[in-house]
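I opened this model to trace its fold and check a few loop residues. My notes follow.

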Amino acid sequence: MAERRIILEMGSGNDLYGCDYTKAACRAVQDALHHSSIVLFKSLGYDHRDMRVQVTIGVQQPDQVDIAKVCAELPRGRAEVTAVLGGLDVHDAQQDSTHVIATAAIEAFLPIEPGRWRLSDQVGT
């Protein structure tokens with residue numbers, strides 16, 4: 001059965017003083033999750049364990065992200081997390097510190113039987 005993407009949410013997070021890429025990534029995931037309310041599981045009878053959750057984290061030093069900690073932020077589904085080059089490092093020369101900004105894209109996929117659901121081009125149908 002083919003998977004279909006049912007959700008795409010984005011968020012951003014930062015660590016202003018610790019230069020912690022994992023902390024910024026976790027905050028970005030939480031920001032994205034707080035934009036979302038997934039009622040279709042209960043409404044349509046899907047089990048959230050059937051959902052595959054693919055998370056892409058953008059930071060300037062992807063190798064510094066603890067993938068397991070970011071996975072632990074996801075309350076539902078089977079998580080897959082990848083860290084890639086992105087986000088921002090903002091250096092504050094006066095304070096001699098770097099502020100880390102991470103971005104997160106969270107995609108959720110469900111196996112959907114072909115023909116089970118149909119998108120309508122008419123409003124209200």
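**Strand β2 and its partners**

I began with the pairing of β2 and β5: seven bridges join them, and the two strands run antiparallel. I count two strands as paired if DSSP finds at least two bridges between them. Helices (H or I, at least four residues) and strands (E, at least two) are DSSP runs, numbered from the N terminus.

This is a predicted model, so I note the limits: local features need pLDDT of at least 70, side-chain atom pairs count only at pLDDT 80 or more, and totals for chains, interfaces and linings use all residues. Residues are numbered from 1 along each chain as its sequence is written, and side-chain values use heavy atoms, with hydrogens and water left out.

Next I looked at β2 (residues 52-59) against β3 (residues 78-85). These strands run parallel, and eight bridges join them. I picked out I57. Its bridge partner in β3 is A83, and in β5 I57 stands opposite A104. I then checked V59, whose bridge partner in β3 is L85.

How many of the eight residues of β2 are buried? I found six, so β2 is largely enclosed by the rest of the structure. Buried means under 20% relative accessible area, exposed over 50%, and partly exposed in between (1.4 Å probe, protein chains only).

I also checked the handedness. β2, helix α3 (residues 67-72) and β3 make a right-handed β-α-β unit. Right-handed means that, with the strands pointing away from the viewer, the path from the first strand over the helix to the second runs clockwise.

**Whole chain**

I listed three helices and five strands. Along the sequence I read the pattern β-α-α-β-α-β-β-β. The radius of gyration is 17 Å, well over the 14 Å that the globule rule gives for 125 residues, so the chain is more spread out than a compact globule. That radius is taken over C-alpha atoms, and the rule is 2.2 Å times the number of residues to the power 0.38. I read the span of the C-alpha trace along its principal axes as about 60 × 30 × 20 Å.

Buried residues make up 30% of the 125 residues. The accessible surface comes to about 8,000 Å², and 50% of it belongs to carbon and sulfur atoms. Those areas come from the Shrake-Rupley method with a 1.4 Å probe; for residues, only the protein chains shown count as cover. I then looked at contacts with a separation of 6 or more: residues 24 or more positions apart account for 76% of them. Contact means heavy atoms within 4.5 Å.

**Helix α1**

I tested the length of α1 (residues 21-33). Its 13 residues should span 18 Å at 1.5 Å a residue, and its end C-alpha atoms are 18 Å apart, which agrees. The expected span is 1.5 Å times one less than the number of residues.

Which residues of α1 are buried? I noted Y21, T22, A24, A25, C26, A28, V29 and A32. Their cover includes β1 (3-15), β2, α3, β4 (88-92) and β5 (97-111).

**Loop residues**

I looked up Q64 in the loop between β2 and α3. Q64 is partly exposed, at 41% relative accessible area. Not counting residues up to four places away in sequence, Q64 touches Y21 and T22, both of which I had listed as buried in α1. Q64 and L110 are 46 residues apart in sequence and 30 Å apart in space, C-alpha to C-alpha.

G86 sits in the loop between β3 and β4. I found G86 buried, at 18% relative accessible area. Leaving aside neighbours within four places in sequence, G86 is in contact with G58, V59 and Q60. From G86 to I101 I read 15 residues in sequence and 9.0 Å in space, C-alpha to C-alpha.

I also looked for positive phi values in residues other than glycine. C19 has phi near 55°. C19 lies in the loop between β1 and α1 and counts as partly exposed at 36% relative accessibility. D96 has phi near 50°. D96 lies in the loop between β4 and β5 and counts as exposed at 61% relative accessibility.
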